[in-house]
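Here is a short briefing on one protein structure. Look over the sequence and the fold first.

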Amino acid sequence: IRKAFVTGYPVKHSRSPLIHNHWLKLHGIEGSYEKVEIEPSHFSDLIKRIRNGEFIGGNVTIPHKEAAYLSADVLTDRARRLKAVNTLWMQDGKLWGDNTDIIGFTANLDQALGKDWHQDITHALVVGAGGASRAVVAGLLSYEGMQVTIINRTEEKARSLAEFNPDRISVAPWSDMARETERAGVVVNTTSLGMVGYPPLDIDFSRCGSQTIVTDIVYIPLITPMLKQAQALSLRTVDGLGMLLHQAVPGFSKWFGITPQVTPELREIILRDI
Ligand code: ATR
(Lines give C-alpha, C1' and ligand atoms only; values in the text may rest on other atoms or scores of the structure.)
Protein backbone atom coordinates (compact mmCIF):
# COMPACT_ATOMS: atom_id res chain seq x y z
CA ILE A 1 0.00 0.00 0.00
CA ARG A 2 1.07 3.54 -0.69
CA LYS A 3 2.12 5.43 2.39
CA ALA A 4 2.36 9.20 2.76
CA PHE A 5 3.16 11.37 5.77
CA VAL A 6 3.07 14.82 7.24
CA THR A 7 6.20 15.84 9.06
CA GLY A 8 6.94 18.79 11.31
CA TYR A 9 8.43 19.51 14.70
CA PRO A 10 6.08 19.40 16.48
CA VAL A 11 3.50 17.75 14.25
CA LYS A 12 0.80 16.60 16.64
CA HIS A 13 -1.42 19.63 15.95
CA SER A 14 -1.54 18.87 12.21
CA ARG A 15 -5.01 18.45 10.69
CA SER A 16 -3.61 17.08 7.45
CA PRO A 17 -4.27 13.41 8.41
CA LEU A 18 -7.98 14.23 8.80
CA ILE A 19 -8.04 15.64 5.29
CA HIS A 20 -6.11 12.88 3.53
CA ASN A 21 -7.74 10.02 5.45
CA HIS A 22 -11.15 11.42 4.52
CA TRP A 23 -10.18 11.39 0.84
CA LEU A 24 -8.59 7.92 1.07
CA LYS A 25 -11.81 6.52 2.53
CA LEU A 26 -14.06 8.44 0.13
CA HIS A 27 -12.23 7.10 -2.91
CA GLY A 28 -11.77 3.60 -1.49
CA ILE A 29 -7.99 3.82 -1.83
CA GLU A 30 -5.85 1.40 0.10
CA GLY A 31 -3.26 3.83 1.37
CA SER A 32 -2.18 5.55 4.52
CA TYR A 33 -1.28 9.04 5.67
CA GLU A 34 0.41 9.40 9.04
CA LYS A 35 2.17 11.93 11.25
CA VAL A 36 5.94 11.54 11.45
CA GLU A 37 7.61 13.80 13.97
CA ILE A 38 11.25 14.47 13.11
CA GLU A 39 13.75 16.70 14.84
CA PRO A 40 15.45 19.11 12.45
CA SER A 41 18.82 17.37 12.87
CA HIS A 42 17.24 14.07 11.71
CA PHE A 43 15.34 15.35 8.69
CA SER A 44 17.67 13.60 6.26
CA ASP A 45 16.69 10.22 7.77
CA LEU A 46 13.14 10.80 6.58
CA ILE A 47 14.38 11.69 3.11
CA LYS A 48 16.23 8.34 3.07
CA ARG A 49 13.04 6.52 4.04
CA ILE A 50 11.29 8.07 1.02
CA ARG A 51 14.14 7.17 -1.30
CA ASN A 52 14.12 3.60 0.10
CA GLY A 53 10.47 3.27 -0.85
CA GLU A 54 8.90 3.29 2.59
CA PHE A 55 6.87 6.37 1.67
CA ILE A 56 5.63 7.60 -1.69
CA GLY A 57 5.95 11.17 -0.37
CA GLY A 58 4.46 13.55 2.11
CA ASN A 59 3.72 17.02 3.40
CA VAL A 60 6.29 19.10 5.18
CA THR A 61 5.51 21.79 7.68
CA ILE A 62 7.40 24.04 10.09
CA PRO A 63 10.38 23.95 10.58
CA HIS A 64 11.32 21.61 7.70
CA LYS A 65 10.18 23.49 4.59
CA GLU A 66 13.63 24.81 3.75
CA ALA A 67 15.35 21.48 4.44
CA ALA A 68 12.82 19.82 2.12
CA TYR A 69 13.61 22.45 -0.51
CA LEU A 70 17.30 21.59 -0.25
CA SER A 71 16.65 17.81 -0.35
CA ALA A 72 14.58 17.62 -3.53
CA ASP A 73 16.17 16.47 -6.82
CA VAL A 74 13.63 18.37 -8.90
CA LEU A 75 11.68 21.48 -7.91
CA THR A 76 8.55 22.95 -9.45
CA ASP A 77 8.91 26.58 -10.56
CA ARG A 78 6.83 27.83 -7.68
CA ALA A 79 8.86 25.91 -5.09
CA ARG A 80 12.02 27.36 -6.59
CA ARG A 81 10.59 30.87 -6.38
CA LEU A 82 9.54 30.48 -2.74
CA LYS A 83 12.66 28.54 -1.71
CA ALA A 84 10.36 26.37 0.41
CA VAL A 85 8.79 22.94 -0.17
CA ASN A 86 5.65 21.63 1.54
CA THR A 87 4.95 18.63 -0.72
CA LEU A 88 7.35 15.82 -1.67
CA TRP A 89 6.87 12.78 -3.91
CA MET A 90 8.93 10.21 -5.81
CA GLN A 91 8.57 10.19 -9.57
CA ASP A 92 10.73 8.15 -11.97
CA GLY A 93 13.34 7.60 -9.27
CA LYS A 94 13.62 11.28 -8.44
CA LEU A 95 12.43 13.19 -5.39
CA TRP A 96 10.19 16.08 -6.41
CA GLY A 97 9.44 19.14 -4.29
CA ASP A 98 6.51 21.50 -4.75
CA ASN A 99 4.99 24.37 -2.81
CA THR A 100 1.21 24.15 -2.84
CA ASP A 101 0.53 27.04 -0.44
CA ILE A 102 0.20 29.46 -3.35
CA ILE A 103 -2.47 27.40 -5.05
CA GLY A 104 -4.08 26.72 -1.66
CA PHE A 105 -4.50 30.45 -1.16
CA THR A 106 -5.80 31.27 -4.65
CA ALA A 107 -8.03 28.20 -4.99
CA ASN A 108 -9.69 29.09 -1.68
CA LEU A 109 -10.54 32.60 -2.90
CA ASP A 110 -11.59 31.34 -6.34
CA GLN A 111 -13.92 28.76 -4.81
CA ALA A 112 -15.38 31.08 -2.17
CA LEU A 113 -15.87 34.14 -4.39
CA GLY A 114 -16.08 32.76 -7.93
CA LYS A 115 -13.06 32.71 -10.21
CA ASP A 116 -13.67 36.21 -11.64
CA TRP A 117 -13.57 37.85 -8.20
CA HIS A 118 -10.35 39.76 -8.97
CA GLN A 119 -11.46 41.32 -12.26
CA ASP A 120 -12.18 44.79 -10.92
CA ILE A 121 -9.50 44.69 -8.25
CA THR A 122 -6.15 46.35 -8.85
CA HIS A 123 -4.79 46.66 -5.29
CA ALA A 124 -4.18 44.10 -2.59
CA LEU A 125 -2.93 44.77 0.91
CA VAL A 126 -0.98 42.00 2.62
CA VAL A 127 -0.28 42.39 6.33
CA GLY A 128 2.72 40.34 7.43
CA ALA A 129 5.97 39.29 5.79
CA GLY A 130 6.75 35.84 7.21
CA GLY A 131 6.83 32.46 5.48
CA ALA A 132 3.11 32.33 4.78
CA SER A 133 3.14 35.84 3.39
CA ARG A 134 5.51 34.82 0.59
CA ALA A 135 2.98 32.31 -0.74
CA VAL A 136 0.11 34.78 -0.40
CA VAL A 137 2.01 37.50 -2.26
CA ALA A 138 2.98 35.05 -5.02
CA GLY A 139 -0.67 33.97 -5.25
CA LEU A 140 -1.91 37.54 -5.58
CA LEU A 141 0.69 38.28 -8.28
CA SER A 142 -0.69 35.36 -10.28
CA TYR A 143 -3.77 37.52 -10.95
CA GLU A 144 -3.12 39.72 -13.94
CA GLY A 145 -2.62 43.39 -13.14
CA MET A 146 -2.80 43.01 -9.35
CA GLN A 147 -0.52 45.36 -7.38
CA VAL A 148 0.42 44.35 -3.85
CA THR A 149 1.29 46.51 -0.85
CA ILE A 150 2.94 44.78 2.11
CA ILE A 151 2.79 46.15 5.64
CA ASN A 152 4.77 44.39 8.34
CA ARG A 153 5.75 45.24 11.91
CA THR A 154 9.38 44.76 10.88
CA GLU A 155 9.46 46.84 7.73
CA GLU A 156 12.81 45.43 6.63
CA LYS A 157 11.28 41.99 6.13
CA ALA A 158 8.58 43.47 3.93
CA ARG A 159 11.27 45.17 1.83
CA SER A 160 13.11 41.95 1.33
CA LEU A 161 9.90 40.19 0.25
CA ALA A 162 9.19 43.01 -2.21
CA GLU A 163 12.41 42.20 -4.07
CA PHE A 164 10.45 39.26 -5.46
CA ASN A 165 8.83 41.62 -7.99
CA PRO A 166 9.63 45.29 -7.36
CA ASP A 167 7.38 46.47 -10.21
CA ARG A 168 4.27 45.05 -8.63
CA ILE A 169 5.02 45.07 -4.89
CA SER A 170 5.39 48.10 -2.67
CA VAL A 171 5.96 48.47 1.05
CA ALA A 172 4.17 50.81 3.42
CA PRO A 173 4.75 51.54 7.11
CA TRP A 174 2.35 50.22 9.73
CA SER A 175 1.18 53.80 10.33
CA ASP A 176 -0.30 53.85 6.79
CA MET A 177 -2.61 50.91 7.53
CA ALA A 178 -5.82 52.96 7.36
CA ARG A 179 -4.97 54.59 4.04
CA GLU A 180 -3.77 51.37 2.43
CA THR A 181 -6.83 49.49 3.65
CA GLU A 182 -9.11 52.07 2.10
CA ARG A 183 -7.64 51.74 -1.38
CA ALA A 184 -7.26 47.95 -1.38
CA GLY A 185 -9.84 45.73 -3.06
CA VAL A 186 -8.61 42.79 -1.03
CA VAL A 187 -6.97 42.75 2.41
CA VAL A 188 -5.12 39.64 3.65
CA ASN A 189 -3.84 38.99 7.16
CA THR A 190 -0.83 36.67 7.14
CA THR A 191 0.44 37.58 10.62
CA SER A 192 -0.08 35.56 13.77
CA LEU A 193 -2.37 38.30 15.08
CA GLY A 194 -5.93 37.06 15.59
CA MET A 195 -4.79 33.50 16.25
CA VAL A 196 -5.78 31.90 19.53
CA GLY A 197 -3.35 33.25 22.12
CA TYR A 198 -2.48 36.42 20.18
CA PRO A 199 -4.05 39.87 20.27
CA PRO A 200 -6.35 40.72 17.34
CA LEU A 201 -5.20 42.51 14.20
CA ASP A 202 -7.08 45.73 14.58
CA ILE A 203 -7.84 47.29 11.20
CA ASP A 204 -10.40 50.00 10.58
CA PHE A 205 -12.53 48.96 7.59
CA SER A 206 -15.16 51.66 8.04
CA ARG A 207 -14.03 53.63 4.99
CA CYS A 208 -13.83 50.63 2.66
CA GLY A 209 -16.18 50.08 -0.27
CA SER A 210 -18.84 47.41 0.25
CA GLN A 211 -17.19 45.12 -2.31
CA THR A 212 -13.94 44.95 -0.33
CA ILE A 213 -12.76 41.42 0.37
CA VAL A 214 -11.18 40.62 3.72
CA THR A 215 -9.42 37.30 4.24
CA ASP A 216 -7.30 35.70 6.91
CA ILE A 217 -5.01 32.72 6.65
CA VAL A 218 -5.50 32.05 10.35
CA TYR A 219 -8.26 29.46 10.90
CA ILE A 220 -8.14 28.92 14.65
CA PRO A 221 -10.46 30.59 15.45
CA LEU A 222 -12.29 30.22 12.13
CA ILE A 223 -13.74 33.72 12.38
CA THR A 224 -10.92 35.90 13.66
CA PRO A 225 -11.66 39.27 15.27
CA MET A 226 -10.58 40.94 12.01
CA LEU A 227 -13.10 38.92 10.00
CA LYS A 228 -15.77 39.72 12.58
CA GLN A 229 -15.08 43.45 12.21
CA ALA A 230 -15.37 43.15 8.43
CA GLN A 231 -18.55 41.11 8.64
CA ALA A 232 -20.14 43.68 10.93
CA LEU A 233 -19.65 46.20 8.09
CA SER A 234 -21.11 43.72 5.57
CA LEU A 235 -17.86 43.35 3.67
CA ARG A 236 -17.10 40.10 1.84
CA THR A 237 -14.99 37.77 3.97
CA VAL A 238 -13.19 34.47 3.37
CA ASP A 239 -11.85 32.40 6.26
CA GLY A 240 -8.48 30.65 6.22
CA LEU A 241 -9.59 27.04 6.53
CA GLY A 242 -10.02 26.68 2.77
CA MET A 243 -6.34 27.43 2.19
CA LEU A 244 -5.37 24.45 4.34
CA LEU A 245 -7.80 22.20 2.47
CA HIS A 246 -6.85 23.34 -1.02
CA GLN A 247 -3.10 23.14 -0.44
CA ALA A 248 -3.59 19.42 0.28
CA VAL A 249 -5.03 18.60 -3.17
CA PRO A 250 -1.88 18.43 -5.34
CA GLY A 251 -0.04 16.13 -2.91
CA PHE A 252 -2.91 13.66 -2.68
CA SER A 253 -3.16 13.55 -6.44
CA LYS A 254 0.60 12.85 -6.83
CA TRP A 255 0.65 10.13 -4.15
CA PHE A 256 -2.63 8.38 -4.80
CA GLY A 257 -3.50 9.25 -8.42
CA ILE A 258 -6.86 10.92 -7.86
CA THR A 259 -7.53 14.65 -7.70
CA PRO A 260 -9.87 15.11 -4.72
CA GLN A 261 -12.45 17.84 -4.15
CA VAL A 262 -12.70 20.34 -1.33
CA THR A 263 -16.30 19.98 -0.18
CA PRO A 264 -18.48 21.39 2.63
CA GLU A 265 -18.40 17.88 4.12
CA LEU A 266 -14.59 18.02 4.41
CA ARG A 267 -14.79 21.47 6.00
CA GLU A 268 -17.21 20.07 8.59
CA ILE A 269 -14.82 17.27 9.48
CA ILE A 270 -12.03 19.73 10.24
CA LEU A 271 -14.33 22.18 12.01
CA ARG A 272 -15.45 19.45 14.39
CA ASP A 273 -11.81 19.09 15.40
CA ILE A 274 -10.95 22.75 16.01
P1 ATR B 1 4.29 32.21 9.17
O2 ATR B 1 5.13 31.10 8.63
O3 ATR B 1 2.97 31.76 9.72
O4 ATR B 1 4.16 33.34 8.22
P5 ATR B 1 6.28 33.72 10.61
O6 ATR B 1 7.20 33.52 9.45
O7 ATR B 1 6.80 33.54 11.99
O8 ATR B 1 5.04 32.74 10.51
O9 ATR B 1 5.64 35.17 10.47
C10 ATR B 1 4.84 35.74 11.44
C11 ATR B 1 4.31 37.07 10.95
O12 ATR B 1 3.45 37.61 11.96
C13 ATR B 1 5.41 38.12 10.73
O14 ATR B 1 5.00 38.99 9.70
C15 ATR B 1 5.42 38.83 12.09
O16 ATR B 1 5.92 40.16 12.05
P17 ATR B 1 7.51 40.44 12.21
O18 ATR B 1 8.11 40.12 10.87
O19 ATR B 1 7.60 41.87 12.56
O20 ATR B 1 7.98 39.52 13.30
C21 ATR B 1 3.94 38.86 12.39
N22 ATR B 1 3.66 39.05 13.84
C23 ATR B 1 3.76 38.13 14.82
N24 ATR B 1 3.42 38.65 16.02
C25 ATR B 1 3.10 39.95 15.77
C26 ATR B 1 2.65 41.05 16.59
N27 ATR B 1 2.47 40.90 17.92
N28 ATR B 1 2.41 42.24 15.99
C29 ATR B 1 2.60 42.40 14.66
N30 ATR B 1 3.00 41.41 13.82
C31 ATR B 1 3.25 40.21 14.38
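Two residues are in contact if their C-beta atoms, placed from the backbone, lie within 7 Å. Leaving aside neighbours within four places in sequence, isoleucine 150 is in contact with Val126, Ala129, Val137, Ala158, Leu161, Ala162, Ile169 and Val171. This is a predicted model: local features need pLDDT of at least 70, side-chain atom pairs count only at pLDDT 80 or more, and totals for chains, interfaces and linings use all residues. Residues are numbered from 1 along each chain as its sequence is written.

**Burial**
- A residue is buried if 20 or more other C-beta atoms lie within 10 Å of its own, exposed if 12 or fewer, and partly exposed in between.
- Glutamine 247 is buried because 25 other C-beta atoms lie within 10 Å.
- Arginine 15 has 18 such atoms within 10 Å, so arginine 15 is partly exposed.

**Annotated positions**
- The unreviewed UniProt entry annotates a "binding site" that includes Arg15 and Gln247; such annotations may be inferred rather than shown by experiment, and positions follow the numbering used here, with feature names shortened.
- Beyond four places in sequence, arginine 15 contacts Leu244, Ile270 and Asp273.
- With the same exclusion of neighbours within four places, glutamine 247 contacts Asn86, Thr100, Asp101, Ile103 and Gly104.

**Threonine 212**
- Threonine 212 counts as buried because it has 23 C-beta neighbours inside 10 Å.
- Outside four places in sequence, threonine 212 contacts Gly185, Val187, Phe205, Leu235 and Arg236.
- The C-alpha atoms of threonine 212 and lysine 254 are 36 Å apart, with the two residues 42 apart along the chain.
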